[in-house]
Amino acid sequence: MDVFNFLGRSREARLQLEQHRQRLYRIAYAWTHNASLADDLVQETLAKALKKSGQLRDPNAGDAWLYSIMSNCYRDHFRRLRATDEIDENTIIHDSTPEKESSEQEIVLKVRAAIAKLAEGQRQVVTLVDIQGLSYMEVAQILNVPIGTVMSRLCRARYALKDLLVDLAPKLAAQEVKIRRIK
C-alpha cells in the first residue's frame, strides 16, 4: 500500500489517512492508555510523516515507517515529561449494552489492564506483534533493537500475560464445554 500518495487524490487520500490514523491511534492508546495523549501522538506522527514523506525510500515499508515515527514521538513525549509521572486512567464506555458486548468488553479491559502492567519494552513489542500483526523484523526496525530482543521481550510478555489473565481461562473452558454439549 502506497501510504504517501494521498496528497494527490483527495477522497482516496482521506480514506487512507483515516485508516492509518485509526491503526496508529489503537497502538498509541495501547501504549499510553490515555485518549488525549494517543490523539496527540497520532497527530504528531502524521504531521512528521507528511513533512518528511520525501525521505521514505521504500513505499512498501510505509506502515513500518509510520510506526517508527510514532515510536520516536512516544519516546520524545516521555523524555519531555520525565519529571512527572502523571498518567490518567480512562475507562472505555460503550453505548450499547447487550450481554455479549459487555462480556467481550470486560475481557478487553482485563487484557488491556494486563498489557498495561507489562514493562514498557514488553508492552511495545506485544502490541506491535500480537495486536497489530507486524513481523519480528519490522518491530526490530521500529524499536531499533535486535530481533533477538524482540523475541525475548515477546516471550516474557506472553508468559506474564498468561499469569495475569489466568482468571479468564475458566470462563473460556466453561464456554467450550457448552459448545460441546450443543453438538
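The protein exposes about 12,100 Å², with carbon and sulfur atoms supplying 53% of this area. Accessible areas follow the Shrake-Rupley method with a 1.4 Å probe, and for residues only the protein chains shown count as cover. The model is predicted: local features need pLDDT of at least 70, side-chain atom pairs count only at pLDDT 80 or more, and totals for chains, interfaces and linings use all residues. Residues are numbered from 1 along each chain as its sequence is written, and side-chain values use heavy atoms, with hydrogens and water left out.

Of the 183 residues, 33% count as buried (under 20% relative accessible area; exposed is over 50%, partly exposed in between; 1.4 Å probe, protein chains only). The protein has eight helices and zero strands. Helices are DSSP runs of H or I with at least four residues, strands are E runs of at least two, and both are numbered from the N terminus. Contacts are heavy atoms within 4.5 Å. Among contacts with a separation of 6 or more, 62% join residues 24 or more positions apart.

The largest nonpolar core holds 39 residues; Tyr 67, Leu 128 and Val 139 touch the most other members. Such a core is a set of buried Ala, Val, Leu, Ile, Met, Phe, Trp, Tyr and Cys residues joined through side-chain atoms within 4.5 Å. Helix 3 gives the largest share of this core, eight residues. Leu 128 contacts Ile 27, Trp 31, Tyr 67, Gly 133, Leu 134, Val 139, Ile 142 and Leu 143, leaving aside neighbours within four places in sequence.

Helix 3 covers residues 62-80. Its 19 residues should span 27 Å at 1.5 Å a residue, and its end C-alpha atoms are 27 Å apart, in agreement. The expected span is 1.5 Å times one less than the number of residues. Buried residues of helix 3 include Trp 65, Tyr 67, Tyr 74 and His 77.

Helix 7 spans residues 147-164 and contains Ile 147. Ile 147 counts as partly exposed because its relative accessibility is 35%. Met 137, Ile 147 and Met 151 form a nonpolar surface patch with about 270 Å² of accessible area together. Patch residues have over 30% relative accessible area and no salt bridge; like charges are joined within 9 Å, nonpolar side chains (Val, Leu, Ile, Met, Phe, Trp, Tyr) within 5 Å. A salt bridge places a side-chain nitrogen of Lys or Arg within 4 Å of a carboxyl oxygen of Asp or Glu.

Arg 153 also lies in helix 7. With a relative accessible area of 23%, Arg 153 is partly exposed. Arg 153 touches Gly 121, Gln 122, Val 125 and Val 145, not counting residues up to four places away in sequence.
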